[in-house]
Amino acid sequence: MKHRLLVPLNRQQLELMDRTIANGVAPDRVALLRMALRELGPLHGGGTARGRQPVQAAAKESA
């Protein structure tokens, strides 16, 4: 499944990304963002939003 993500960055952030790419960390901005998301995901609950649980289908409880 593919996802689209809009990441608004200011000029300073773009310049930092470009310097990081120039140092050979990643081939382009998209790859650098993907790498950052993969590395930060486990630190924030394995891909869930901070402080939130994954959405699951509601199960009927038996009384």
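Predicted model: local features only at pLDDT ≥ 70, side-chain atom pairs only at ≥ 80, totals over all residues.
Residues are numbered from 1 along each chain as its sequence is written, and side-chain values use heavy atoms, with hydrogens and water left out. Local features need pLDDT of at least 70 and side-chain atom pairs count only at pLDDT 80 or more, whereas totals for chains, interfaces and linings use all residues.

The protein chain averages a pLDDT (the predictor's confidence in each residue, from 0 to 100) of 79, and 71% of the residues score at least 70.

Helices α1 (residues 11-22) and α2 (residues 29-40) pack with their axes 10 Å apart at an angle of about 95° (helices being DSSP runs of H or I, at least four residues; axes being lines fitted to C-alpha atoms over the stretch in contact, with angles from 0 to 180 degrees between N-to-C directions). The two helices are therefore roughly perpendicular (65 to 115 degrees) to each other. Contact (heavy atoms within 4.5 Å) involves Leu-14, Met-17, Asp-18, Thr-20 and Ile-21 of α1, together with Arg-29, Leu-32 and Leu-33 of α2.

Definitions and conventions. Parallel < 35°, antiparallel > 145°, perpendicular 65-115°, else oblique.
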